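Take a walk through this protein chain, one region at a time. Keep the sequence and the 3D view open as you read.

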Amino acid sequence: MSFKCELLIYAMEKKVKNVQESGTLNTFHHMVRLKAMGKDIINLCVGEPDIAPASVVKDAAIQAIRTSKIGYTPSEGLAELREAVSVFFKNEECDLNPQREIIITAGAKPALFISLTALLGIGDEVLIPEPFYPSYPSMVSLSGAIPVFIKGLPENGFKVSVPDIVKAVTGKTKFLILNTPVNPTGSVYSESELKDIMDFCVQSNILCIFDDVYNHFIYSPELKFLTSSLFKAYRNNLILIRSFSKEFAMTGWRIGYIAGHSDYVTQIKVIQGHASGNPQTVSQYAAIAALKNFDKARVPLTVFSERRQLIIDVLKERKQLSFVDPQGAFYFYCDIRNNPRSMNSVDMSLYLMQEHGVAVTPGTAFGPDGFIRLSYADGSRLKEGLERLVNGLDNL
Ligand code: PLP
């Protein structure tokens with residue numbers, strides 16, 4: 001067998017070995033199973049807003065079906081939707097060519113996957129700050145590349161900075177995957193932190209895959225910034241991934257997009273053409289309506305801000321859990337390392353779900369053990385869920 005062939009088999013084996021079911025989905029599936037058995041479980045685990053999409057979005061989808069706009073579209077998405085994305089960027093003073101620099105995708109997950117698959121080679125290294133969104137390492141492994149983890153410091157909300165990144169860079173480093181606001185910590189990188197990181201990427205010839213799905217969910221006005229301005233300044237080194245899932249409460253509609261330099265976009269387009277063809281046609285029409293009615297269609301931030309404050313008040317009053325102060329997304333990343341039964345995070349989440357009827361996600365889904373993630377995307381029974389959590393922790 002040739003050396004090349006052996007290398008390929010080794011890479012294929014490694015790909016599959018490194019890929020496991022997502023820890024967040026694992027918890028979600030367990031919750032669904034228990035609920036189906038009649039158990040009353042309150043959901044503090046899933047990152048899915050419990051708010052209905054705006055009427056204007058739903059009406060556009062219904063209209064598309066009624067008028068039979070339901071066939072294939074170009075695999076990179078409808079020209080009209082790519083145009084709407086480019087108008088959105090133009091309003092933020094960033095020019096994007098809708099033919100060459102934008103691809104519509106079936107959400108952020110496929111956008112990440114096809115970008116990595118299209119642009120990585122076997123043995124390339126991809127930097128991933130830890131804790132991380134669970135799919136990143138598996139997607140990197142599936143593309144034949146190697147995930148390299150960078151630990152941030154708890155006192156900085158686990159955010160990484162240039163000195164942390166420098167230590168992880170080798171001659172094989174190709175990408176950095178950056179997500180802000182961060183799932184699972186809720187931390188938000190400031191504009192100046194991002195600029196420092198991007199300057200380093202430019203100097204070191206690293207491409208940043210920027211996962212921007214929580215951009216809308218920033219609670220501190222001083223941390224708000226336009227990702228489009230970052231894209232404008234660093235467009236040769238930045239691939240921007242956006243989704244309608246959280247911002248417009250369109251999770252199941254499976255719709256998002258990639259903005260990037262045409263050299264990258266051209267390659268990614270080819271992969272999408274083979275992998276799935278066009279994203280759902282009806283969802284594309286709904287997405288056009290969401291962008292054209294932007295202010296009306298986005299989920300109201302005040303709802304999430306109030307939920308966030310409620311959790312801060314309860315956790316601070318009860319002092320059972322310390323947590324990263326979350327400035328964004330809809331998560332709390334809580335430290336359970338000092339729990340009296342020395343439980344790991346998987347056992348803790350099973351204990352809380354099975355014995356106290358509240359579902360939270362174990363930290364191991366995101367890398368390190370010793371933490372649990374609470375989600376307030378679903379606020380339908382938040383107070384009751386927090387009571388169950390507090391009670392469960394009291395009874396350890
Ligand atoms: N990236 C991050 C950081 C996420 O938290 C999620 C979903 O929870 C996604 C990507 C996937 O989003 P989508 O529903 O658009 O595929």
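In helix 6 (residues 135–142), the buried residues are Tyr-136, Pro-137, Met-139, Val-140 and Ser-141. Buried means that 20 or more other C-beta atoms lie within 10 Å of a residue's own; exposed means 12 or fewer, partly exposed is in between, and C-beta atoms are placed from the backbone. Helices (H or I, at least four residues) and strands (E, at least two) are DSSP runs, numbered from the N terminus. This is a predicted model: local features need pLDDT of at least 70, side-chain atom pairs count only at pLDDT 80 or more, and totals for chains, interfaces and linings use all residues. Residues are numbered from 1 along each chain as its sequence is written.

After helix 6 comes Gly-144, with a positive phi near 90 degrees. Now look at the strands on either side. Strand 3, helix 6 and strand 4 form a right-handed β-α-β unit. Right-handed means that, with the strands pointing away from the viewer, the path from the first strand over the helix to the second runs clockwise. Strand 3 (residues 125–130) pairs with strand 4 (residues 146–151) in the parallel sense, over 6 bridges. Two strands count as paired if DSSP finds at least two bridges between them. Ile-128 stands opposite Phe-149 in strand 4.

Next, the loops. Between strand 5 (173–179) and helix 8 (191–204) lies the loop that holds Pro-181. The peptide bond from Thr-180 to Pro-181 is cis, with omega near -15 degrees. Pro-184 also has its place in the loop between strand 5 and helix 8. The bond from Asn-183 to Pro-184 is cis, with omega near 25 degrees.

Asn-205 lies in the loop between helix 8 and strand 6 (207–211). Its phi is positive, near 60 degrees, in a residue other than glycine. Is Asn-205 buried or exposed? Asn-205 counts as exposed, because it has 10 C-beta neighbours inside 10 Å. Ala-249 sits in the loop between strand 7 (238–243) and strand 8 (256–259). Phi of Ala-249 is also positive, near 50 degrees. Ala-249 counts as buried, because it has 22 C-beta neighbours inside 10 Å.

Turn to the ligand. Of the 13 residues around it, Gly-107, Ala-108, Lys-109, Ser-243 and Ser-245 come nearest. A residue is near a molecule if its C-beta atom, placed from the backbone, lies within 6 Å of it. The shell has 3 nonpolar, 8 polar and 2 charged residues. Here Ala, Val, Leu, Ile, Met, Phe, Trp, Tyr, Cys and Pro count as nonpolar, Asp, Glu, Lys and Arg as charged, and the others, Gly among them, as polar.

Step back to the domains. The assignment gives domain 1 (18–51 + 300–394) and domain 2 (55–297). Such bounds come from an automatic or database domain assignment. Between the two, 30 residues of domain 1 are in contact with 30 residues of domain 2. Contact means C-beta atoms, placed from the backbone, within 7 Å. Helix 13 gives the most to the side of domain 1 that touches domain 2, with 4 residues. The residues of that side divide into 15 nonpolar, 11 polar and 4 charged.

Strand 9 and strand 10 are joined by 2 bridges. Phe-323 has Cys-334 in strand 10 as its bridge partner.
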